[in-house]
Amino acid sequence: MSATASMILALAVGTYAFRLVGPALHGRVELPARLQELLSAGAVVLLVALLATGGLTEGGGFAGWARPAGVLVGGVLAWRRAPFVVVVLGAAGVTALLRATGVA
């Protein structure tokens, strides 16, 4: 077996194990309320960091103004609880419109 295939197999087993642990330990392990709050805050911080790096950078530099504007519109639509399709189409539409008008 090649090294690539063995790594893919190891990742697949690890992913399945993570997915299995949640239902297997449900009700057996009780996390303190403070830890649950910290985990929720940590998830939000990670999502914001992913949004910032994906929305603002491309190839190690600034992505231009069209992409951040589209991300901002998508974020506002998601915050206002618009349907997922509306969020995606709104963000893509604003980005495409700005790029079509010459805003990089």
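A: What follows looks at helix α3 and its surroundings, then turns to other parts of the chain.

The model is predicted, with local features requiring pLDDT of at least 70 and side-chain atom pairs counted only at pLDDT 80 or more, while totals for chains, interfaces and linings use all residues. Residues are numbered from 1 along each chain as its sequence is written, and side-chain values use heavy atoms, with hydrogens and water left out.

Helices (H or I, at least four residues) and strands (E, at least two) are DSSP runs, numbered from the N terminus. Helix α3 covers residues 66-79, 14 residues in total. From its first C-alpha to its last, α3 reaches 20 Å, close to the 20 Å expected at 1.5 Å a residue. The expected span is 1.5 Å times one less than the number of residues in the helix.

Which residues of α3 are buried? They are A66, P68, G70 and G74. Buried means under 20% relative accessible area, exposed means over 50%, and partly exposed lies in between (1.4 Å probe, protein chains only). The buried residues of α3 pack against α2, β2 (61-62) and α4 (84-100).

R67 is also in α3. Its relative accessibility is 22%, so R67 counts as partly exposed. R67 forms a salt bridge with E58, and their closest N and O atoms are 2.7 Å apart. A salt bridge is a side-chain nitrogen of Lys or Arg within 4 Å of a carboxyl oxygen of Asp or Glu. E58 is at 46% relative accessibility and therefore counts as partly exposed. Contact means heavy atoms within 4.5 Å. Not counting residues up to four places away in sequence, R67 touches G54, G55, T57, E58, T95 and R99.

One of these, T95, is found in helix α4. R67 and T95 are 28 residues apart along the chain, yet their C-alpha atoms are separated by 5.6 Å. A66 and T95 are 29 residues apart along the chain, with 5.0 Å between their C-alpha atoms. Leaving aside neighbours within four places in sequence, T95 is in contact with A66, R67 and G70. T95 has a relative accessible area of 15%, so it is buried.

Leaving aside its neighbours within four places in sequence, G90 is in contact with V73 and L77. In contrast, G90 and A33 are 57 residues apart in sequence and 37 Å apart in space, C-alpha to C-alpha.

What follows α3? R81 does, and its phi is positive, near 65°. Most residues other than glycine have a negative phi. R81 is a residue other than glycine with a positive value. It is found in the loop between α3 and α4. At 77% relative accessibility, R81 counts as exposed.

F62 and W65 form it, edge-to-face, with 5.1 Å centre to centre and 70° between the planes. Rings of Phe, Tyr and Trp (its six-membered ring) pair if their centres lie within 6.5 Å; planes under 30 degrees apart count as stacked, over 60 as edge-to-face and the rest as tilted. W65 counts as exposed because its relative accessibility is 61%.

Now to α2, one of the elements that α3 packs against. The salt bridge count for the structure comes to two. Besides the bridge of R67 and E58, R34 forms one with E37, the closest N and O atoms being 3.7 Å apart. R34 and E37 both lie in α2, three residues apart, about one turn of the helix. R34 counts as exposed at 55% relative accessibility, whereas E37 is partly exposed at 48%.

A nonpolar surface patch of about 570 Å² is made by V21, L25, V29, L31, L35, L38 and L39. The elements that give two or more residues to it are α1 (3-25) and α2 (33-56). Patches are made of residues with over 30% relative accessible area and no salt bridge; like charges are joined within 9 Å, and nonpolar side chains (Val, Leu, Ile, Met, Phe, Trp, Tyr) within 5 Å. Accessible areas come from the Shrake-Rupley method with a 1.4 Å probe; for residues, only the protein chains shown count as cover. α2 gives the most to the patch, with three residues. L35 lies in α2, and it is partly exposed, with a relative accessible area of 35%.
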